[in-house]
Amino acid sequence: MTRFRNALLVLIAGAVAAGLLASAGPALAQKRGGTLTIVRPTDPVSLDPNLETTAPGAWVYFNMLEGLLTLDAKMQVQPSLATSYEVMSPTRVRFKLRPGVKFHDGTPMNAAAVKFTYDRALKGTPPARWASLAGSLSGAEVVDDLTVDIVTKEPYGPVLRTLAMYCMGIVSPTAVGKLGADFSRAPVGTGPFKFVEWKTNTHVIIERFPDYWGDKALLDRVIFKVVPEEGARMIALQTGDADMVLFPSPALLPALRKDAKFTVHETTGIRVVFAGFHAGMPPLDDVRVRQALLHAVDRKAILDNIMEGSAGPAMGVLAPGVFGYKDMQLDKLYPFDRAKAKALLAQAGWTPGPDGILQKGGQRLSLSWLTARGRYPKDGEITEAIQAMFKDVGVEAKVQVLEWAAVFTQFRGNPLNQHMFTLGWVTSNADADYSLYALFHSKQVPPTGWNTSRYANPRVDTLVEQARRSLNQSEREKLYFEVQDILAKEMVWIPVYTTKEIVATKAAVKGFTIHPVEYNLWLGKAWLDK
């Protein structure tokens, strides 16, 4: 690894080039001022990253709290509060901080604040919600006022991408001490916007921070309104009550794309939505049964008829755009083929019963399935479609639909008394370690980790451990490719779709760039042409 010097030179060169090109043709003049109104389905749990790692809170605090590093729209690591870094040892990376940066409360952002933030998150009681996804990160050590070392317990290859996650914002120690538990409702960071007001289940308001160290925000204010109903959000956009809609209606997008009064911003996301198997529970502990169920599902029909162009096909357990991603060739390995599915189930000893449901040793092939409705786009509809496809090959699925909070509690519990579950997973730092280690290492079973499938393969354990400890990115990539080759043969998921991140705005909203990570809703460059 090297310093950020090359990256910064590229950025500077780009800025110079942009300045030279500006005279070659007319450019739309940016306008300052105005209020951007955003409608979204749910309210935050918290505005403190230690307590909130889901989108409703992150959409807001991503504009108020900044980390040492950030991920750009091409998923490349870029400097933020750090200007450069240097690897001092396999377990220590030294960062130089931007001078003169102030928190929204006027106090200085310095190495002590960085140490405070990481101590609070990693050594707090309880630790931050993101701590279990931060690998061997152990804390920060002050070198001098503008120099800080980030330390890991062992060599940790994804350290830079982890530090660039949306939830790694540096917080004001003074504000945390002053506000205590109330900090979660009024965070203080260094971003281009500062907190104004949060009325629960109504709105959150943020406004331009005039002393921001970088380019000042162009907007005066941003209001995040809670509008749970999809139809009501779309009406708000069309009547002018909203400038931006998060989670727009897929059915209305074609019309919006054709209407000059609106803009549909979209990019391939990095969340994979899937139907998961409990690989430790019979009959799903038999790989032939799992393979048969993949053959039983017409994933293309689901994408075409349910997602209606609002998602892309899942090519594996990772999404394109993630470091270490490999196309697992699922369509070739598991084409939709009912005859093949039935043949594999027959090989596993399952024979047709009197009602058409397969049986073996007097037991019906009946699977329990846990899901929520509305946590992920069309999750309930997808579950019902797969349930019907299973029945066509003689497999019964009994679906239980609960509120997301109840579903989440069961997922995170041990034991899990369900054969199947509908889930989605975002690789938030765009590094395969975040997913392949957490989801498939045998020791990452909940509640410690996220291996909901209870999958266990000693070779996979070894590979993800080696990849995590290696600082050689080419070596790490090869190791992750081998992991995905193994998973492809032993599938414990039916990957259904990769999200498209889609935001609908009025055409007057300019300067907004959509990000592959759902949480990274950056409004620092947005402005209103009205």
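Predicted model: local features only at pLDDT ≥ 70, side-chain atom pairs only at ≥ 80, totals over all residues.
Okay, let's start with a pair of strands: strand 6 and strand 7, the latter covering residues 147–152, run antiparallel and are joined by 6 bridges.

Now zoom out a bit. Those strands sit in an open sheet of 4 strands, paired antiparallel, and the order is 4-5-7-6. So which strands stand at the edges? They're strand 4, residues 82–89, and strand 6, residues 137–144. Each has a single partner strand, so one side of each has no neighbour in the sheet. And the sheet isn't flat: going from one strand to the next, the twist averages 25°.

What lies across strand 5, strand 6 and strand 7? That's helix 3, residues 111–122. Strand 5 here is 92–97, and the helix runs at about 160° to strand 6.

Okay, over to another part of the chain: helix 15, residues 458–469. With 12 residues at 1.5 Å a residue, helix 15 should span 16 Å, and its end C-alpha atoms are 17 Å apart, so the two agree.

At the N-terminal end of helix 15 there's a cap, N457. One of its side-chain oxygens lies 2.9 Å from the backbone nitrogen of R459.

And which residues of helix 15 are buried? We've got V460, D461, L463, V464, A467 and R468. The cover over those buried residues includes helix 14 (432–440) and helix 16 (473–489). When you look at that list, remember that an α-helix has 3.6 residues a turn, so residues three or four places apart point the same way.

Conventions:
Residues numbered from 1 in each chain as written. Heavy atoms only, no water. Pairing = 2+ DSSP bridges. Helix = DSSP H or I, 4+ residues; strand = E, 2+ residues; numbered from the N terminus. Axes fitted to C-alpha atoms, helices over the stretch in contact; angles between N-to-C directions. Contact = heavy atoms within 4.5 Å. Expected span 1.5 Å × (residues − 1). Buried < 20%, exposed > 50% of the residue type's maximum accessible area, 1.4 Å probe, protein only. Polar contact = N/O pair within 3.5 Å; in protein donor to acceptor, adjacent residues only side chain to side chain.
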